[in-house]
Amino acid sequence: MSAALLEVEGLRTWFPVRQGLRRRVVGHIRAVDGVDLTVRVGQTVALVGESGCGKTTVGRSILRLEQPQAGSVRFDGVDLLAQPSRELRQFRQRMQIVFQDPMASLNPRMRVRDLVAEGMRSFGIGGGPRRRTERVVELLQRVQLDADHLWRYPHELSGGQRQRIGIARALAVEPELVICDEAVSALDVSIQAQILNLLGELQRELNLAYLFITHDLSVVRYLADEVAVMYLGQIVERGPTRRIFEAPAHPYTQGLLAAAPSVDPQRRHCALGVLGDVPSPAAPPPGCRFHTRCPKTFDRCRREKPPLYDCASGGQSRCFLEDPSQPPRPAVSPREG
Amino acid sequence: MESHILANLLVLALLFVGAPLAFLLLRRNRMWSEALGELWRRRRFSLLVIALYVAVALLDSFSWVGGAGAGEDSLSAHEARSVIDRAFADTPRESSYSAPLARGSFYGDEPLRAPGGHWFGTDILGRDVLHRTLKGVRVALLIGGFTSAITIPLALLLGVTAGYFGRRLDDIVFFVMSTLASIPSLLLLIALVIVLGRGTWQVCVALGITSWVGLCRVARGETLKLRELDYVQAALALGTSHLRILFRHILPNLMHLVIVTFVLLFSSLVLSETILAYLGIGVDGSWGQMIDQARNELSRDPIIWWNITAAGAAMFGLLLAVNYVGDALRDILDPRTLRERA
């Protein structure tokens, strides 16, 4: 197994909720509440979860676009959260981000050439302006665009083309890790496939590592080596992609997989749905955070916070059902979904 | 006193360096050249009217000493007179009021020095009203332009930095803005003019201090929005410096607001000066002063109407044209319509 490139431990990003005239902090939105993640060189890790579970905040905290309160983000062995911003800059070159909305992530007043060359300029890559333009053309070809697009504005491009520009911009600084924050979610399915293929090719050619943040399970299955499932700011299950899809251990993962649309008429209806709405991240439920929606809740779930237990089939799950010391209990008949 | 030479140099620099440079810059940027083309299609007449006003102001700013018409009295021989002044060399001062195109004076019907030569009549001091109206153009543009040159950079600097960096700075700027906005602006204007003294630049500074809040608020709000957009976040992740983000990503995306605000601000500034003149603290030679004088003239019998009519019409023409252009610009630069045309 290759060396760990990114190791996130105990990451906690809380957003203060202020109220009143004195703007006093009355509580926190616990967007990310103790997340551990490891991404190895050349590997793809998918971070999945419902909207609002904090997966985007994880990505932004890793890049220090948000300021986490606690935990560590080690990139190549160096803790980024402890670095002063001057030192942080050199690490920013080594990890990049591709955003969801390709229109919002490109400045409408800049041409493709300047958009892609922005990072090169700030890190002094590629020599003078002329050399940089040549490199931009190379990058455009790498993402299957051509030199004709060099002087266009974002609004003159299609959605897929814009996302390619976003990818080219990230690649321009020769990163080792690319965080794809819902990078294909805003695109048509056919374009999605193209972009995913492109990302796969680039990974093989450049030995990139991806942290793929998405809510789309079909994308995950296609692309990821490892999956981490997030719920209310915590990772509830992680393991090799195959294992997660074939034998999900955590009830939440089971629910997610059951809720995913399928073309197989045999499993059109969900057997084990996830019930109700997500509780507020400002006041997560005591005990297991998932117990309010879990079809398999029992007493212990309401009282204790489950740690991540190792699963017999590989990976980990934050559920007492995986606790070896938990006495077996009578099977609960699944509720009708 | 060589101030007229400085003014001449400024006019020449504006004409032969500033204007071509601005033109080239606008041509290079596709969005702006498209917007200008669209503006020309929609508001050709208004633009021509504004150009006419600007031309008059420029002609009035270019002056030299001596030449034809000099030495009429001992004073004007050493005074720098502009192109506009020279154009009125054959309409000398009368003793007092005369009606438009009159051959004799208004009171007593004594023969004028230039019978039928004063198209808009003369004022109480016998000065040609058309001449004064045309000289008012320069004052109006100076007030609008110079004040905007103070207001807009100030408002942008404070608004954008407050919105971008937030925290303490934002609190301070917002406090100053709210405080200023809570003082009746006319009272503040009067107080400032009294403190600074009368004169063109003093009035401009006073107007500038009272009028930056609006744009500042808009710029701050827009910056707050832009700061969170993905492309600014991406720029941060790409290691772009804050200064560069401000100049490459924030300011260009604020420019449409700045242009629209400038145009609307301009007309409100010219109007504000009229109010100041009415209160007796305006700029010398402005339309406001002419209108102020008309307070007495309108109560005379027979009424003396040409002074206020000329000043009012000149101001009306300028402000209407500017507002028409501003209105069209707002439509053209509206991001929603931009996207439609894109």
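Here is a quick tour, starting with the contact between the chains and ending with a few loop residues.

Keep in mind that this is a predicted model. Chain A and chain B touch each other, with 22 residues of chain A in contact with 18 residues of chain B. A helix to keep an eye on is α9(B), which gives the most to chain B's side of that contact.

**Where the chains meet**
- On chain B, α2 (30–42) and α9 (230–237) each bring at least two residues to the side that touches chain A.
- Of these residues on the chain B side, seven come from α9(B).
- Sorted by class, the chain B side has ten nonpolar residues, six polar ones and two charged ones.

**Helix α9 of chain B**
- Is α9(B) largely enclosed or left open? Eight of its eight residues are buried, so the rest of the structure largely encloses α9(B).
- The buried residues are Asp230(B), Tyr231(B), Val232(B), Gln233(B), Ala234(B), Ala235(B), Leu236(B) and Ala237(B).
- Just past the end of α9(B) sits Gly239(B), with a positive phi of about 80°.

**Gly317 of chain B**
- Look for Gly317(B) in helix α13 (residues 306–333) of chain B.
- With 16 other C-beta atoms within 10 Å, Gly317(B) comes out as partly exposed.
- Its C-alpha atom is 9.1 Å from that of Ser46(B), although 271 residues separate the two along the chain.

**The sheet in chain A**
- Chain A has an open sheet of eight strands with mixed pairing, in the order β6-β7-β8-β3-β9-β10-β12-β11.
- Which strands stand at the edges? They are β6 (95–98) and β11 (309–310) of chain A; each has a single partner strand, so one side of each has no neighbour in the sheet.
- Strands of a sheet pair through backbone hydrogen bonds, in either a parallel or an antiparallel way.
- For a parallel example, take β3 (residues 44–48) and β8 (residues 209–214) of chain A, which pair over five bridges.
- Within this pair, Val48(A) has Thr214(A) in β8(A) as its bridge partner.

**Two positive phi values in chain A loops**
- Gln144(A) isn't a glycine, yet its phi is positive, near 65°.
- You'll find Gln144(A) in the loop between α4 (129–142) and α5 of chain A.
- Gln144(A) counts as partly exposed, with 15 C-beta neighbours inside 10 Å.
- Glu174(A) is another residue other than glycine with a positive phi, here near 55°.
- Glu174(A) belongs to the loop between α5 and β7 (177–181) of chain A.
- Glu174(A) is partly exposed, because 16 other C-beta atoms lie within 10 Å and a residue needs 20 or more to count as buried.

Definitions and conventions
Residues numbered from 1 in each chain as written. Chains lettered and ligands numbered in written order. Predicted model: local features only at pLDDT ≥ 70, side-chain atom pairs only at ≥ 80, totals over all residues. Contact = placed C-beta atoms within 7 Å. Helix = DSSP H or I, 4+ residues; strand = E, 2+ residues; numbered from the N terminus. Nonpolar A, V, L, I, M, F, W, Y, C, P; charged D, E, K, R; others polar. Pairing = 2+ DSSP bridges. Buried ≥ 20, exposed ≤ 12 C-beta atoms within 10 Å, placed from the backbone.
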